Amino acid sequence: MSEQPASIDAILASIRARVTGPDAIPEPTPAPPPEDEPAEIVPLANVTLPPETATITLDALIRDMLAPHIKAWLDAKMPEIVEKLAREEIRRLTGKL
C-alpha cells in the first residue's frame with residue numbers, strides 16, 4: 001500500500017468523466033503561483049453565508065447539478081424509448097408489426 005491517495009482534482013475529474021463523458025472534461029486550470037505574502041486566514045467562526053444558502057441541502061445541490069445532464073440525456077434518448085414502447089404495445093394489442 002505504498003500508493004499515494006488520489007488528489008481531489010483527480011477524483012473530481014473522474015466523477016466529471018463518468019457523468020458528462022470524456023469529451024466534456026475541461027482542462028484543469030493550474031493553481032496560481034504562491035505569493036510572497038500568504039493570504040489572510042479567516043477562522044470559520046467568522047465566515048457567514050447569505051441566508052438563502054443556509055437552507056440548501058446536499059440533495060438539492062446534487063439535484064441542481066445533475067438536472068441539465070439528465071435533461072440532455074432524456075432529450076437524446078426519449079424518442080427512441082417512446083418508439084420502442086409504442087411498437088411493443090401495438091404488437092401486444094394487435095399481434096402484428
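User: Before we start, what should I know about the model and its numbering?

Analyst: Residues are numbered from 1 along each chain as its sequence is written. The model is predicted, so local features need pLDDT of at least 70 and side-chain atom pairs count only at pLDDT 80 or more, while totals for chains, interfaces and linings use all residues; side-chain values use heavy atoms, with hydrogens and water left out.

User: Thanks! How many helices and strands does the chain have?

Analyst: Helices (H or I, at least four residues) and strands (E, at least two) are DSSP runs, numbered from the N terminus. Here there are 2 helices and 0 strands.

User: And what percentage of the residues is buried?

Analyst: Buried means under 20% relative accessible area, exposed over 50%, and partly exposed in between, with a 1.4 Å probe and protein chains only. In this chain of 97 residues, 1% are buried. The accessible surface (Shrake-Rupley method, 1.4 Å probe) is about 9600 Å², and carbon and sulfur atoms account for 63% of that.

User: How many salt bridges does the structure hold?

Analyst: Side chains of opposite charge can pair when their charged atoms come close. The criterion is a side-chain nitrogen of Lys or Arg within 4 Å of a carboxyl oxygen of Asp or Glu. The structure holds 3 of these. One of them joins Lys 71 to Asp 75, at 2.8 Å from N to O.

User: Where do Lys 71 and Asp 75 lie?

Analyst: An α-helix has 3.6 residues a turn, so residues three or four places apart point the same way. Both Lys 71 and Asp 75 belong to helix α2, residues 58-94, and sit 4 residues apart, about one turn. Asp 75 is partly exposed, at 48% relative accessible area.

User: Which residue pairs with Arg 87, and which with Arg 92?

Analyst: Arg 87 meets Glu 83 at 3.1 Å, N to O. These two are 4 residues apart in α2, about one helical turn. Arg 87 is partly exposed at 40%, and Glu 83 is partly exposed at 44%. Arg 92 bridges to Glu 89, with the closest N and O atoms 2.6 Å apart; here the spacing in α2 is 3 residues, again about one turn. Arg 92 is exposed at 57%, whereas Glu 89 is partly exposed at 36%.

User: Where does α2 kink, and what follows the helix?

Analyst: A bend is the angle between axes fitted to the seven residues ending at a residue and the seven starting there. In α2 the kink is about 45 degrees at Lys 77, shortly before the proline Pro 79. After α2 comes Gly 95, with a positive phi near 75 degrees.
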